[in-house]
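Please consult the sequence and the coordinates alongside the text.

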Amino acid sequence: HNLTCIDVDEKYDLTGTLYKDLIDKLGGLEKKMRINMTRSGGKHLIFSCKEVCEGNLKLANRHTTDSEKRAYFDRQLSLGKTFEEAALSALSHKSLVLIETRGRGGYIIAPPSQGYYKISGEIHVISLEEYNFVMDVCRSFNSYVPPKRNFDNTNKISDRIKKFNSEADTV
């Protein structure tokens, strides 16, 4: 059936308007989707597209705040991690996912499961153009760009081998 679910994690929304803003940008296309409320207060927008069904994709992330990193650090300590392990873990906790998909190979929980209920709509088939529009709209909420890694080409393996060969004393 090529089902795709847009999973909107409102618990990580700092604006309080993520879902409303998403619906506004979809411009009525959400009427072709089944919308469910999740146990954590998020939303699932479910639809089908005959031409495509991708796997699970992270579409919109945001930077983790300092207070979230601190809470993550404290949680790691409470789970028995050492100070160093908790600190490294918290420092690597750079972003949170606001909007992602569940598609081929993924799963969602839906009504009548406890804590989940239908808000509106039914699952409709949307066109490839509409699918691409939905993905673009979701990606427009991304504010996290991973830092670029600067690679030092002065320490190439071939340079290290040449250095070793020129300095090594072999008998």
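## Terms and basis

A residue is called buried under 20% relative accessible area, exposed over 50%, and partly exposed in between (1.4 Å probe, protein chains only). Helices (H or I, at least four residues) and strands (E, at least two) are DSSP runs, numbered from the N terminus.

The model is predicted: local features need pLDDT of at least 70, side-chain atom pairs count only at pLDDT 80 or more, and totals for chains, interfaces and linings use all residues. Residues are numbered from 1 along each chain as its sequence is written, and side-chain values use heavy atoms, with hydrogens and water left out.

## Helix 4

The face of helix 4 turned away from its buried side carries the exposed residues E129 and D136. The buried residues of this helix are Y131, V134, M135, V137 and C138. They lie on the same side of helix 4, because they cover an arc of only 160 degrees around the axis (the arc of the directions from the helix axis to the C-beta atoms).

The cover over these buried residues includes strand 1 (3-8), helix 1 (18-26), strand 3 (43-48), strand 4 (58-63) and strand 5.

## L98 in strand 5

L98 belongs to strand 5 (residues 95-102) and is buried, at a relative accessible area of 6%. Its C-alpha atom is separated by 9.3 Å from that of C138, 40 residues apart along the chain.

Neighbours within four places in sequence aside, L98 is in contact (heavy atoms within 4.5 Å) with residues including D7, V8, L18, A60 and F141.

## Q76 in helix 2

Q76, in helix 2 (residues 66-78), is buried with a relative accessible area of 9%. Apart from neighbours within four places in sequence, Q76 is in contact with K81, A86 and S89.
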